[in-house]
Amino acid sequence: MPTPKNFVIVAIDGGAASGKSSTSRALSEQFNLLHVDTGSFYRAVTAELLRRGVAPSDLEAVRREVGALELATRLNGRSAAMEIGGRVVPETEIRSRQVNENVSHFSAIPEVRAALLDYQRGQADVAQRHGFRGLVMEGRDIGSVIFPQADFRFFLHADPAERARRRALEGGQDSIAERDRLDSSRQTAPLACPAGAVAVDTTLLNLEAVVETLARPIAAALAK
């Protein structure tokens, strides 16, 4: 998709509690980029499928229901929220224990990922229509599948013990090790550092240091 020369796309991948969300939100604020958390998209779809009584093991029902979802985008400040049938799934619902236990299973289904592919890429159009200077999208396959030609591709990672500690401080109920196993072993778009992406180890870095590392080349590009 052609984009204006001064419009940048930033892809940030990484596992749970690697710092993706905090870093992406900070970059969004600093550079007026539309922030897109694709993990929230998969969580919203998971919550909706569960609400319809669909289990990830029932592939026929998953294919039927996910293909019928009416998806749109609603802006919440600088962040994009997914609408399903005109409804934004509440944060409390997408962070529920039931969604935590099922989101990686639904996300591993090729038809679910295919159903969200064009929608995720379309967030660049949303950003341009609303006057943002670019898009910062976080997830697990952004630099490899969604925007492999992004202007900037980063992969954040950290020691598993540190990520588990962060998750506990956030009140998270999911297992870091289990999420890593499921995300890394799925057949479609497994979690991995994309070839050519800049890997940043956040284990010993505070948020300000991580943001500064990523912001430096973005600022240089926008200044041209």
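**Labels and their grounds**

Modeller: At 14% relative accessibility, Phe152 counts as buried. Keep in mind throughout that this is a predicted model.

Biologist: Why is Phe152 called buried?

Modeller: Buried means under 20% relative accessible area. Phe152 has 14%, so the label applies. Phe154 has 4% and is therefore buried by that rule as well.

Biologist: How many aromatic pairs does the structure hold?

Modeller: The structure holds 2 aromatic pairs. In one of them, the ring centres of Phe41 and Tyr119 are 5.1 Å apart and the planes stand at 65°.

Biologist: What makes the pair of Phe41 and Tyr119 edge-to-face?

Modeller: Rings pair if their centres lie within 6.5 Å, and planes over 60 degrees apart count as edge-to-face. With 5.1 Å between the centres and 65° between the planes, Phe41 and Tyr119 meet both conditions, so the pair is edge-to-face. The pair links distant parts of the chain, since Phe41 lies in helix H2 (residues 38-51) and Tyr119 in helix H6 (residues 110-121), 78 residues apart.

Biologist: Why is the aromatic pair of Phe152 and Phe154 called stacked?

Modeller: Planes under 30 degrees apart count as stacked. For Phe152 and Phe154 the angle between the planes is 5°, and the centre-to-centre distance is 6.4 Å. The distance is within the 6.5 Å cut-off for a pair.

Biologist: What makes Arg216 exposed?

Modeller: Exposed means over 50% relative accessible area. Arg216 has 53%, so it counts as exposed. Arg216 belongs to helix H11 (residues 207-223). Its C-alpha atom is 28 Å from that of Ala164, which is 52 residues away along the chain.

Biologist: And why is Asn32 called partly exposed?

Modeller: Partly exposed is the range between the buried and exposed limits, 20% and 50%. Asn32 has a relative accessible area of 26%, so it is partly exposed. Asn32 sits in the loop between H1 and E2. Its phi is positive, about 55°, although it is not a glycine.

Biologist: Which loop holds Ala189, and is Ala189 buried or exposed?

Modeller: Ala189 is in the loop between H10 and strand E8 (198-201). Its relative accessible area is 14%, so Ala189 is buried. Ala189 also has a positive phi, about 50°, although it is not a glycine.

Biologist: How do you know that Leu69 is buried?

Modeller: Leu69 has a relative accessible area of 12%, and it is therefore buried. The residue lies in the loop between helix H3 (59-67) and E3. Leaving aside neighbours within four places in sequence, Leu69 is in contact with Val45, Glu48, Arg52 and Ile84.

Biologist: What lines the largest pocket?

Modeller: The largest pocket has a volume of about 880 Å³. It is lined by 44 residues, and the closest to its centre are Ala16, Ala17, Ser21, Arg167 and Glu170. The lining divides into 7 nonpolar, 19 polar and 18 charged residues. Among the elements that each supply at least two residues are helix H1 (20-31), helix H9 (160-170) and H11.

Biologist: How does the lining of the second largest pocket divide?

Modeller: That pocket has a volume of about 350 Å³. Its lining holds 19 residues, with Ser40, Asn76, Ala80, Ala81 and Glu91 closest to the centre. By class there are 10 nonpolar, 4 polar and 5 charged residues. E4 gives the largest share of this lining, 4 residues.

Biologist: What makes the protein as compact as a globular protein of its length?

Modeller: The protein has 11 helices and 8 strands. Its radius of gyration is 17 Å, close to the 17 Å that the globule rule gives for 224 residues, so the description holds. The C-alpha trace spans about 50 × 40 × 30 Å along its principal axes. Buried residues make up 49% of the 224. Of the contacts with a separation of 6 or more, 79% are between residues 24 or more positions apart.

Conventions
Residues are numbered from 1 along each chain as its sequence is written. This is a predicted model: local features need pLDDT of at least 70, side-chain atom pairs count only at pLDDT 80 or more; totals for chains, interfaces and linings use all residues. Side-chain values use heavy atoms; hydrogens and water are left out. Rings of Phe, Tyr and Trp (its six-membered ring) pair if their centres lie within 6.5 Å; planes under 30 degrees apart count as stacked, over 60 as edge-to-face and the rest as tilted. Buried means under 20% relative accessible area, exposed over 50%, partly exposed in between (1.4 Å probe, protein chains only). On a 1 Å grid over the protein atoms alone, a cavity is a set of points where a 1.4 Å probe fits but cannot get out, and a pocket is an open set with protein on both sides within 12 Å along at least five of seven lines; lining residues have an atom within 4 Å of a point. Grid points are joined across faces, edges and corners, and a volume is the space filled by probe spheres set on the points. Ala, Val, Leu, Ile, Met, Phe, Trp, Tyr, Cys and Pro count as nonpolar, Asp, Glu, Lys and Arg as charged, and the others, Gly among them, as polar. The radius of gyration is taken over C-alpha atoms; the globule rule is 2.2 Å times the number of residues to the power 0.38. Contact means heavy atoms within 4.5 Å.
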